[in-house]
Amino acid sequence: MASSALISDTDAWKDLKARVQEIKAIHLRDLMSDAQRCQSMIVEFDGLLLDYSRQNATVETIGKLFKLAEAANLKEKINRMFNGEHINSTENRSVLHVALRAPRGAVIQSDGKNVVPEVWKVLDKIKEFSDRVRSGSWVGATGKPLKDVIAIGIGGSFLGPLFVHTALQTDPEASESAKGRQLRFLANVDPIDVARNIAGLNPETSLVVVVSKTFTTAETMLNARTLREWISAALGPSSVAKHMVAVSTNLTLVEKFGIDPNNAFAFWDWVGGRYSVCSAVGVLPLSLQYGFSIVEKFLKGASSIDQHFYSAPYEQNIPVLLGLLSVWNVSFLGYPARAILPYSQALEKFAPHIQQVSMESNGKGVSIDGVPLPFETGEIDFGEPGTNGQHSFYQLIHQGRVIPCDFIGVVKSQQPVYLKGEVVSNHDELMSNFFAQPDALAYGKTIEQLQKENVPQHLIPHKTFSGNRPSLSLLLPSLNAYNIGQLLAIYEHRVAVQGFIWGINSFDQWGVELGKSLATQVRKQLHASRTKGEPVQGFNCSTTTLLTRYLEASSDVPSDLPTLLPRI
């Protein structure tokens, strides 16, 4: 396929398009009755089990998806990513989040240089610093140990680390390592987020990690200045260097801010924000909370999947299979959404993280060469842990729109509970739903079944389930740091596969820029109206009306802003 051609022009794409109606006519009840087909759609690797037999696909469909992968030069694109080529062409950058968790002796090149030694130099620095803070040899301005950490960042500097932190909180080994410590994440520029994050904390025992590659991100830096004021007001301006560190590459602005540049932890242009949880962005705050040894296990889990993704044949390659099935569901079957349904409360922040990884990566309307696409890309991702979601939006999934579902289960609970006299343990009760829901979606319930149950005639239309709703099941052996790393990498690479097939750039995000630039104009208007009483001008009628109402109703805000911090 020539670089400027669209995947939709290939014979492989057209062949799949020609089979859509044929596949839609086959109910999952019939597909699931073929035991040989089902067995061929179960894949195992490193303790993980993927079952995609409840997808609207035959064995022949999967073979044709592999042909589509060949037409899209998928293997070549994967190799180019791992080889450090500038596959993020619009920003002229390598895409090397795999280097962030590579073994110390690995060789991964970017611009002719092995980046792995640089990665481990930062990891070693994080280990040394986090050990000092956790042991109490690094103390605050008043000599007290720093046991409370607030990480300031937004987007990829927040969602990924928050997911991992939330997942580790109830892991026995990790929670034991975190005893007596707190980790909080400050992302939103909304002052309420500041108030919540500093509530109950003492500046004397708090360490703030400011995460901003350029040290210019508007929301992050305003929050950083706010917490600098919180620390300075309590302990004096000279205390900032003891209570604030940075994850940044802009050492000049770090030092100007008042942070010792020696306490800045680097990451690189080849790390995209939403793919940065394995860099200092995530590793530093997580190591301060749990210790570096726990976080290293997380990195090893991700690295295991990296090698699997790089080397496994398509039919055994979990991220490749997941990515191809997503392309099939979105671009061929016409299902634009995906529900991510982890049957583990520890994974409650997984869906919000993957929402960003997926939607910011693949929410594109043009090819990597800038050609408008004649087909839809990207998925609308959402999700909640089971069984909470069952009592929220599963009604729509069962009897409304068709939404392909990812069911994620865990064999061994982080916190098992057994009650004498109960039929099953609490975890078995949870997992009963994990196993039941995919079958309910696939098989549904027919009119004939309802009639046999003597359901009143007027209720039969309401109690009929059409079924034939696709899902897949991913079963993890446990949910420790290693498994969490595996799960993260599977979804990162799945998203990349989708982008490689669609022929888009999954590693830029120009769509976030326009709103930010317009906000700059609004910010200037608010300042001029507050300080000089200037009327709102230069905006459309709607925005002018809303801004005017906002200014009138908040006229008590002083024109010369004094320092005012939250009082929770």
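## Exercises on helix packing and aromatic pairs

The cover over the buried residues of α8 includes α9 (172-177), β6 (182-186), α14 (280-290), α15, α17 (350-362) and α22. The model is predicted.

**Exercise 1. Find how many residues of helix α8 (residues 159-168) are buried, and list them.**

Solution.
- Apply the cut-off: buried means under 20% relative accessible area.
- Ten of the ten residues of α8 pass, so the helix is largely enclosed by the rest of the structure.
- The buried residues are L159, G160, P161, L162, F163, V164, H165, T166, A167 and L168.
- Among the elements covering them are α15 and α22. The next exercise takes up this pair.

**Exercise 2. Classify the packing of helix α15 (residues 292-311) against helix α22 (residues 481-502).**

Solution.
- Two packed helices are described by the angle between their axes and the distance between the axes.
- Here the angle is about 40°, and the axes are 7 Å apart.
- Angles under 35 degrees would count as roughly parallel, and 65 to 115 as roughly perpendicular.
- α15 and α22 are therefore oblique to each other.
- The crossing of α15 past α22 is right-handed.
- On the α15 side, the contact residues are I294, K297, F298, K300, G301, A302, S304, I305, D306 and F309. They meet A481, Y482, I484, G485, Q486, L488, A489, I490, H493 and V497 of α22.
- Sorted by class, this contact has twelve nonpolar, five polar and three charged residues.

**Exercise 3. Characterise the aromatic pair of W13 and F332.**

Solution.
- The whole structure holds 19 aromatic pairs.
- In the W13 and F332 pair, the ring centres are 4.5 Å apart and the planes lie at 45°. The pair is tilted.
- W13 sits in helix α1 (residues 11-18) and F332 in helix α16 (residues 318-332). They are 319 residues apart, so the pair links distant parts of the chain.
- W13 is buried, at 3% relative accessible area. F332 is buried too, at 5%.
- Ring pairs also join W13 and F332 with W328 and F375 in a cluster.

**Exercise 4. Decide how the rings of F215 and F257 are arranged.**

Solution.
- The centres are 5.7 Å apart and the planes stand at 90°.
- Planes over 60 degrees apart count as edge-to-face, so the pair is edge-to-face.
- F215 lies in the loop between β7 (206-211) and α11 (218-235). F257 belongs to helix α13 (residues 251-257), 42 residues apart from F215.
- F215 is buried, at 4% relative accessibility. F257 is buried, with 9% relative accessible area.

Key
Residues numbered from 1 in each chain as written. Predicted model: local features only at pLDDT ≥ 70, side-chain atom pairs only at ≥ 80, totals over all residues. Heavy atoms only, no water. Axes fitted to C-alpha atoms, helices over the stretch in contact; angles between N-to-C directions. Helix = DSSP H or I, 4+ residues; strand = E, 2+ residues; numbered from the N terminus. Parallel < 35°, antiparallel > 145°, perpendicular 65-115°, else oblique. Left-handed = near helix turned anticlockwise from the far one by under 90°. Contact = heavy atoms within 4.5 Å. Nonpolar A, V, L, I, M, F, W, Y, C, P; charged D, E, K, R; others polar. Phe/Tyr/Trp six-rings, centres within 6.5 Å; stacked < 30°, edge-to-face > 60°. Buried < 20%, exposed > 50% of the residue type's maximum accessible area, 1.4 Å probe, protein only.
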